[in-house]
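Please consult the sequence and the model while reading the points below.

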Amino acid sequence: MSQELTEDQRAIREMALGFAADALEPKAVEWDEKKHFPVDVLREAAALGMAGIYVAEDVGGSALSRLDAVLIFEALAQGCPTVSAYLSIHNMAASMIDRFGNEEQRQSWLPKLCTMEYLASYCLTEAGAGSDAAALKTRAVLDGDHYVVNGAKQFISGAGASHLYVTMVRTGGDGPGGISTLVIPADSPGLSFGANERKMGWNAQPTRAVLFDDVRVPVANRLGNEGDGFKLAMAGLDGGRINIGACSLGGAQAALDKAVRYMGERKAFNRSLDQFQALQFRVADMATELEAARSLLYRAASKLDAKAPDATTFCAMAKRFATDTGYSVADAALQLHGGYGYLADYGIEKIVRDLRVHQILEGTNEIMRLIVSRSVFSEGNRS
Ligand SMILES: CCCCCCCC(=O)SCCNC(=O)CCNC(=O)[C@H](O)C(C)(C)COP(=O)(O)OP(=O)(O)OC[C@H]1O[C@@H](n2cnc3c(N)ncnc32)[C@H](O)[C@@H]1OP(=O)(O)O
């Protein structure tokens, strides 16, 4: 463990690890193969307080810290990175309503989001606006006390299954200042979904386009003021990014643990694999790299909890480092299994496939470098 955890934090982590071992890990390969989104299991996680982790208690949330959330997503990902990652997106959307919603919005949506009677999706990306999120084109035009929304969102996790879509739309001119955030219910007339995308991994959750054709959304569903939407979206992503980093670390830890067990059982040249120093050193490096990533991730979470001015930069550093490290450690664990690592039964190749996308989503790792370099160079300019 990279930093001393409090007794409460250890208990939270143990609870999530127990849930991962009992409810996620035994089914994870089957869910991947059948492309099954286990909503019933997500609701069991919600009953343990993991659907509104950093949402306030008055609306059913657990009111825990960002560091607590990272511990939970890391632990859950040891059972299934994909289910943990969906839950992290649901938590991000719920926390945006908690932080930026008015009292009526909080009371009407959050109790159901915290039990997962309602599932939530986060809709920023468009076919023509991924990394350049401020270029989004989905438009919302005011018509009396409603907005009329037209456009399409791409790569939306949970789409088709979610009940609420926290959606960034253009209500004003070009650029970030013209963007607002609307909470759009799934049953809104004119809202429809693309086909479930066929993916390399992340098969235990659906990914679809969300299509808006003259969808009427009450002005009362807007979070914050007109023009605030880009900042709300970015603020949500700060936490979302470290949560995804935690999912990578959890998946990679599970892969490393499998490799260590396998190396004790598998013999070659009359010795078990764990007797070869070259392989022992490889495992030593993997464990060291994971621990370094964990330290940075927990530091970023603590910065977010402290509302530190450099929290966004640390979240970007941690997301980039944890998802790159997690992927390379999981891939090395596959290699240590030899041909068996490539077989579905061992559960390693699924972890590698699941973790690959973490280097792309919640902001590509190239965008994370952009955020960090902007901060480094602006600090350099000041001195
Ligand atoms: C299986 C599926 C595979 C693929 C799944 C893909 C789906 C997803 O991953 S979900 C979405 C992920 N998308 C992203 O992460 C988007 C990546 N892009 C970005 O983060 C931004 O566009 C980024 C960082 C490049 C900056 O954009 P840029 O247009 O230069 O805006 P920038 O000038 O920095 O900021 C605009 C305003 O927002 C504010 N802002 C920026 N970041 C933050 C933040 N973290 N918190 C609060 N405010 C912020 C700025 O201060 C600025 O405010 P002001 O105008 O008052 O100075």
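The crossing of H1 and H4 is right-handed, a crossing being right-handed if the near helix is turned clockwise from the far one by less than a right angle, and left-handed if anticlockwise. The model is a predicted one, in which local features need pLDDT of at least 70, side-chain atom pairs count only at pLDDT 80 or more, and totals for chains, interfaces and linings use all residues. Residues are numbered from 1 along each chain as its sequence is written.

**Helix packing**
- Helix H1 spans residues 7-24 and helix H4 residues 66-77; they pack at an angle of about 25°, with axes 8 Å apart.
- H1 is therefore roughly parallel to H4, a term for angles under 35 degrees.
- Residues in contact (C-beta atoms, placed from the backbone, within 7 Å) include Ile-12, Ala-16 and Phe-19 of H1 and Leu-71 and Ala-75 of H4.
- By class, this contact of H1 with H4 has 10 nonpolar, one polar and two charged residues; Ala, Val, Leu, Ile, Met, Phe, Trp, Tyr, Cys and Pro count as nonpolar, Asp, Glu, Lys and Arg as charged, and the others as polar.

**Domains**
- An automatic or database assignment divides the protein chain into domain 1 (7-119), domain 2 (121-229) and domain 3 (231-382).
- The C-alpha centres of domain 2 and domain 3 are 30 Å apart.
- In domain 2, 13 residues are in contact with 11 residues of domain 3.

**Arg-271**
- Arg-271 belongs to strand E10 (residues 271-272).
- Arg-271 counts as exposed because it has 10 C-beta neighbours inside 10 Å, the limit being 12 or fewer.

Note on methods:
Axes fitted to C-alpha atoms, helices over the stretch in contact; angles between N-to-C directions. Helix = DSSP H or I, 4+ residues; strand = E, 2+ residues; numbered from the N terminus. Parallel < 35°, antiparallel > 145°, perpendicular 65-115°, else oblique. Contact = placed C-beta atoms within 7 Å. Buried ≥ 20, exposed ≤ 12 C-beta atoms within 10 Å, placed from the backbone.
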